[in-house]
Amino acid sequence: MLFGWGDYQAAIGNPYWAPRNGLYRVNGGYGADAVAPLFRDAGVTNMTWEIRNRIGTFCWSGSARRRHGT
């Protein structure tokens with residue numbers, strides 16, 4: 001939600017966020033800049049998984065955990 005909000009602020013020209021455009025990209029990947037969608041779609045899911053994989057979390061008994069040493 002925060003990435004989407006920040007991306008929207010950049011898109012509407014908020015002076016603080018405008019230089020920080022590109023938080024969300026087409027289909028949540030590395031392509032062209034796009035405005036984050038209002039609702040979860042495939043791109044948001046892609047971005048969520050990428051963040052999850054980079055941070056190194058996993059689910060265990062219904063709650064997220066962080067792998068040790070990463």
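1. Arginine 20 lies over the face of tryptophan 17, 6.0 Å from the ring centre. The charged end of arginine 20 also sits over the ring of tyrosine 16, at 4.1 Å from its centre. A charge is taken to sit over a ring when NZ of Lys or CZ of Arg is within 6 Å of the ring centre and within 35 degrees of the ring normal.

2. The basis of this note is a predicted model, in which local features need pLDDT of at least 70 and side-chain atom pairs count only at pLDDT 80 or more, while totals for chains, interfaces and linings use all residues. Residues are numbered from 1 along each chain as its sequence is written, and side-chain values use heavy atoms, with hydrogens and water left out.

3. The chain contains two helices and two strands, and from the N terminus on its elements run α-α-β-β. Both kinds of element are DSSP runs numbered from the N terminus: helices are H or I with at least four residues, strands are E with at least two.

4. How many aromatic pairs does the structure hold? There are two. Rings of Phe, Tyr and Trp (its six-membered ring) pair if their centres lie within 6.5 Å; planes under 30 degrees apart are stacked, over 60 edge-to-face, and the rest tilted.

5. Tryptophan 5 is partly exposed at 45% relative accessible area, and tryptophan 17 is partly exposed at 21%. The rings of tyrosine 16 and tryptophan 17 have centres 5.4 Å apart and planes at 80 degrees, so they too make an edge-to-face pair. Tyrosine 16 is exposed, with a relative accessible area of 51%. The classes are buried for under 20% relative accessible area, exposed for over 50%, and partly exposed in between (1.4 Å probe, protein chains only).

6. Valine 35 is located in the loop between H1 and H2 and is partly exposed, with a relative accessible area of 47%. Which residues does valine 35 contact, leaving aside neighbours within four places in sequence? They are Asp7, Tyr8, Ala11 and Tyr24, where contact means heavy atoms within 4.5 Å. Valine 35 and tyrosine 24 are 11 residues apart in sequence, with 6.4 Å from C-alpha to C-alpha.

7. Asparagine 27 has a positive phi of about 60 degrees although it is not a glycine. Most residues other than glycine have a negative phi. Asparagine 27 has its place in the loop between H1 and H2 and is partly exposed, with a relative accessible area of 45%.

8. Over the whole chain, buried residues make up 17% of the 70 residues. The accessible surface comes to about 5500 Å², of which 63% belongs to carbon and sulfur atoms; such areas come from the Shrake-Rupley method with a 1.4 Å probe, and for residues only the protein chains shown count as cover. Among the contacts with a separation of 6 or more, 16% join residues 24 or more positions apart.
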